[in-house]
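Have the sequence and the 3D view ready, and take a slow look around before reading on. We'll go from helices to core to sheet.

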Amino acid sequence: MSNYLILTQTLKAAGMRLTPQRTAVCRFLAESDEHPTAAMIYDELKLQFDSFSLATVYNTLDALVKLGAVNALGGVGDDSVHYDADTEPHVNLACLSCNKIVDIPSEHVTHLDDEITAATGYKLLGARVLYYGLCPDCQESSNR
Ligand SMILES: [Zn+2]
């Protein structure tokens, strides 16, 4: 099942109506690997609809996070929450200068999920595995 279908079916199962605006948010999240903020999603999609609000983006994101279909990664030096529709265990690596976030696959976090579940009995809904620092490009420009 594609990520897009997972997101829309998650909303539907939660009793939310699948409006064109909400499905557009799901599609954007599923297709993006940029870890967008709500404002980025809103800016990208607002021209496609006569009526579309930042509140729609937020309530769609909030529902998806609560249902475990999207991870809320928090800010990366830009005071905005970044979202990740890839909930397979992986490490996110953020640059505090240009605010870019990249995905790093890691065997270790896969095992960590199992360990936490086994030790606590929690049903895990998401994770914020976020490392931060300065990317090579930003290190270079600060050295200049
Ligand atoms: Zn950077």
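Leaving aside its neighbours within four places in sequence, which residues is Val25 in contact with? They are Ile41, Leu45, Val57 and Thr60; two residues are in contact here if their C-beta atoms, placed from the backbone, lie within 7 Å.

Before going further, keep in mind that this is a predicted model: local features need pLDDT of at least 70, side-chain atom pairs count only at pLDDT 80 or more, and totals for chains, interfaces and linings use all residues. Residues are numbered from 1 along each chain as its sequence is written.

Val25 also turns up in the largest nonpolar core, which has 16 residues. A nonpolar core is a set of buried Ala, Val, Leu, Ile, Met, Phe, Trp, Tyr and Cys residues joined through C-beta atoms within 7 Å. Buried means 20 or more other C-beta atoms within 10 Å of a residue's own, exposed means 12 or fewer, and partly exposed is in between. Leu7, Val25, Leu29, Leu61, Leu64 and Val70 touch the most other members. Helices H1, H2, H3 (38-45) and H4 (54-66) each supply at least two core residues, and H2 gives the largest share, 4 residues. Helices (H or I, at least four residues) and strands (E, at least two) are DSSP runs, numbered from the N terminus.

Now for Asn59, which sits in H4. Asn59 counts as partly exposed because it has 14 C-beta neighbours inside 10 Å.

How do H1 (residues 3-13) and H2 (residues 20-31) pack, and at what angle? Their angle is about 145° and their axes are 8 Å apart. Axes are lines fitted to C-alpha atoms, for helices over the stretch in contact, and angles run from 0 to 180 degrees between N-to-C directions. On the H1 side, Asn3, Tyr4, Leu7, Thr8 and Leu11 take part, and they meet H2 residues including Arg22, Cys26 and Leu29.

Finally, the sheet: 3 strands form an open sheet in the order E4-E3-E5, with mixed pairing. E4 and E5 (130-133) stand at the edges with a single partner strand each, so one side of each has no neighbour in the sheet. Two strands pair if DSSP finds at least two bridges between them.

| Strand pair | Sense | Bridges | Opposite residues |
|---|---|---|---|
| E3 and E4 | antiparallel | 4 bridges | Asn92 and Asp103 |
| E3 and E5 | parallel | 4 bridges | Cys95 and Gly133 |

The hairpin of E3 and E4 has 5 residues between the strands, and Asn99 there takes a positive phi near 65°.
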